[in-house]
Amino acid sequence: MQVTLLSTSDVHGYVRADDFRRPAINDGFGLSRAAAVIETIEHSATADNAVITIENGDFIQGSPLTNYISRQGDGADALYGELADQVGYDVRVLGNHEFNYGRDYLTHLLADDEKLINANVIDDKTQAPFIGVPYKIIDRDGVKVGIIGLTTSYVPHWETAENIRGLTVLDPIQVAQQYIAKLREQVDVLVLAYHGGFAEDLDTGHSLEAVTGENQGYQLLHLSGVDALITGHQHRKIAQVVNGVPTTQPGYRGSEVGEIVLTLDENKHVQDADAALIQTQAYPERDDIVARVDPLQNATNTWLDHAFGHVGNNMQINDHFVARRDNHPFIELVNRVQMEAGQTSIANTALFNDEVQGLPDAVTLRDIMTNYIYPNTLVVEKLSGADIKAALEVNARYFMLDEQGEVGVNPRFLEPKVQHYNYDIWSGIDYTLAIGKPFGQRVTDVQYQGQPLDMDAEYEVAMNNYRASGAGDFPMFATDKIVREVQQETADLIGDYIIRHPEIQIDQPHNVTVKK
C-alpha cells in the first residue's frame, strides 16, 4: 500500500499561466497547470495508492488578479473556494499572506470551508482556531492519514494590529507536539502541513539565516511521530528525505507540485519514503480551471491597462544590481510617494526582486502593480539618528567584496532564499557605505539636509508596514515607534501620486555611495 501526498504552496493568485507582464509573458507556472499534474497522478493511481492533496497557503494574495478581486463587492472572491474544489484539495492551510486583507476578509472566504486545517491561529476569546479545525483524519481504503495544519508564528511581525485583531499565533512546534500526542495512536500516517520553511541546512542543521521563529521546519521535521512534512512560505524548491522523513517545498505560483510517496507494510506502518518535485511547465492548462477564471482574468487585464500619467523615460530598470547600489529614479519615486503620504522628509524602500522592471513613460495600473508587488501599507516611525545609522549598517550587509575585490551581493541574500527585499535604499539622506570594512563599521558618512546626521536627534521615517515590524533583521524598527499609519496600499498611493502629478521627471539620484 502507498500513500501519495501532493501539495501546492504559495500559488499567490496566479491561476492562469500568465504573469500579467506585457509584452513578455512567463507561462511556465500557474494553478491551471498544477491542477493538470494533480489530475494526471490521481487518474493514474492504482487501487493500492491513496492520493491526498494539500493546498499549503498563500492562495488568495499576491497577483494583480487577487488585488482586483479584493476591490470587487460582487462575490468575485467566491473564485478561490471554487478553484480549490475544482482542483480537489483534501485540506487547505492558512499562509501568512492570507492575513494581508484583514481578518474579516479571511473569515468571509474561509470560515465555512470544511477543508481548512488551522491548529495554531487562535481566537483570543474562544481559545480555539478562529476558523477551520486543527487537523483532519482522512480514511482512504482503510488507511487513516492524519494531517495537522500549521502557520508560521511570525505573522504578527508583519501584519497590522487591525488585520489580526483578537488573534494569537501559537508556536507551531508546541502545537504540533500537542496534536501529535493526540493523533499518533489514531492514525496510520501522520503529516504536518506547515506554511513555513527552514532556517537550517537540512543535512547539517547549521543555520542558513537568522533563527527568528519565522521558519521552524527543521525542528518540526525532527519531532517524534511525524511521517511527512509539507512546507512552503520561502518559495524554495525542496524535495528531500531527512532521517527517513520526507519533506517538500514546491516553489511558488504553481511552478511545481510536491510529491511524497510513503510505502506501508502489511501493518500499515511506513517502511519507505520518497520525495520529488514535478515541474508543471510541461503540462497543459486544465480547461475547466481556465474557463472558471477567464472572466475575472480578462476584467483584471482591462483594469490594468488604463494609462493615467507620464513619468519620463528613465524609470525602467536595466541593471538591478546597479539600481540597488546607486539608487534609481524608480526607487526615488516610491520613496517620494512614501514621504508625501507620510508627511516626512526621509523614507526607505526595497527593489523587491529582479522581476521588477520599473515604469515606462505612460504608466498604467499594470505597470504599478507588477512593480510594487506587495499589498504593503505605509507606516511612519520616529527614529533616532543612531537608529537610522544602525539600519544602514544592516543594509550594508547586502554587499560583499568578491574574489576580484569588486563590490557584489552577499551570498546570504541569494541562498537559500533570494532576499533582495531585505535591502533598503533610502531617500532624504546622503550616505556612504564602505564595503571593505567589517560589518557594523561600514557606514562612514550620513548627511541630512547638508549636515551630519545627529545621533541623538529624532527623525520621522516613512517605510512599509513589513519593514516597520523589524522584519528582515532590523531590530531598530518596532511597532512601538510608529507615530502614524496610512491605511492604503502603497501601490494605490503610487497611483494616486501619479494622478496628482501626471507629468513627472526624476533625475538619477546621487545620495547613495557604495565603495570598496
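Guide: Begin with accessibility. A residue counts as buried under 20% relative accessible area, as exposed over 50%, and as partly exposed in between. Keep in mind that this model is predicted.

Visitor: Is Arg71 buried, exposed or partly exposed?

Guide: Arg71 has a relative accessible area of 32%, so the residue is partly exposed. Asp492 is also in the middle class, with 25%. For a buried case, take Arg286, at 9%. For an exposed case, take Ile499, at 52%.

Visitor: Where is Ile499 found?

Guide: Ile499 belongs to helix H14. Its C-alpha atom is separated by 44 Å from that of Ile278.

Visitor: Now salt bridges. How many does a search of the whole structure find?

Guide: The general idea comes before the count. Side chains of opposite charge can pair when their charged atoms come close. Across the whole structure, the search finds 27 salt bridges.

Visitor: Which residue forms a salt bridge with Asp492?

Guide: Arg71 does, and the closest N and O atoms are 2.7 Å apart. Asp492 lies in helix H14 (residues 490-500), while Arg71 lies in the loop between helix H2 (64-70) and H3, so the pair ties together parts that are 421 residues apart in sequence.

Visitor: Which side chain meets Arg16 in a salt bridge?

Guide: The side chain of Glu285, at 2.7 Å from N to O. This pair too links distant parts of the chain, 269 residues apart. Glu285 is in the loop between strand S14 (270-279) and H8. Arg16 is in the loop between strand S1 (2-8) and helix H1 (31-44). Asp294 joins in as well: Arg16, Glu285 and Asp294 are linked in a network of salt bridges.

Visitor: What meets the side chain of Arg286?

Guide: The side chain of Asp288, in a salt bridge of 2.9 Å, N to O. Compare their accessibility. Arg286 is buried at 9%, whereas Asp288 is partly exposed at 32%.

Visitor: Next, helix packing. At what angle do H3 and H8 pack?

Guide: Helix H3 (residues 78-87) and helix H8 (residues 287-304) pack at about 170 degrees. Their axes are 10 Å apart. An angle over 145 degrees counts as roughly antiparallel. H3 and H8 are therefore roughly antiparallel to each other.

Visitor: Which residues of H3 and H8 meet?

Guide: On the H3 side, Ala78, Leu79, Glu82, Leu83, Gln86 and Val87. On the H8 side, Asp288, Ile289, Arg292, Val293 and Leu296. The residues of this contact divide into seven nonpolar, one polar and three charged.

Visitor: Now a single residue. Where is Arg253 placed?

Guide: Look in the loop between strand S12 (245-250) and strand S13 (256-264). Arg253 counts as buried, at 7% relative accessibility. Leaving aside neighbours within four places in sequence, the residues in contact with Arg253 include Asp10, Asp19, Phe29 and Glu355.

Visitor: On to sheets. In what order do the strands S4, S3, S2, S1, S13 and S14 form the open sheet?

Guide: Strands of a sheet pair through backbone hydrogen bonds, either parallel or antiparallel. Here, six strands form an open sheet in the order S4-S3-S2-S1-S13-S14, and the pairing is mixed. Strand S4 (116-117) and S14 stand at the edges, each with a single partner strand, so one side of each is left without a neighbour in the sheet.

Visitor: How many bridges join S3 to S4?

Guide: Two, between strands that run parallel; S3 covers residues 91-93. Val93 has Ile117 in S4 as its bridge partner.

Visitor: What about strand S22: how many of its residues are buried?

Guide: Four of five, in a strand that spans residues 430-434. S22 pairs with strand S23 (residues 443-448) in the antiparallel sense, over four bridges. Leu433 stands opposite Val443 there. Four bridges also join S22 to strand S27 (residues 512-515), and these two run parallel. In that pair, Thr432 stands opposite Thr513.

Visitor: Last, a hairpin. How many residues lie between S6 and S7?

Guide: Two. Asp141 in the turn has a positive phi of about 55 degrees. Strand S6 (residues 135-140) and strand S7 (residues 143-151) run antiparallel, joined by six bridges. Asp139 stands opposite Lys144 in S7.

Key. Residues numbered from 1 in each chain as written. Predicted model: local features only at pLDDT ≥ 70, side-chain atom pairs only at ≥ 80, totals over all residues. Heavy atoms only, no water. Axes fitted to C-alpha atoms, helices over the stretch in contact; angles between N-to-C directions. Parallel < 35°, antiparallel > 145°, perpendicular 65-115°, else oblique. Contact = heavy atoms within 4.5 Å. Nonpolar A, V, L, I, M, F, W, Y, C, P; charged D, E, K, R; others polar. Salt bridge = Lys/Arg side-chain N within 4 Å of Asp/Glu carboxyl O. Buried < 20%, exposed > 50% of the residue type's maximum accessible area, 1.4 Å probe, protein only. Pairing = 2+ DSSP bridges.
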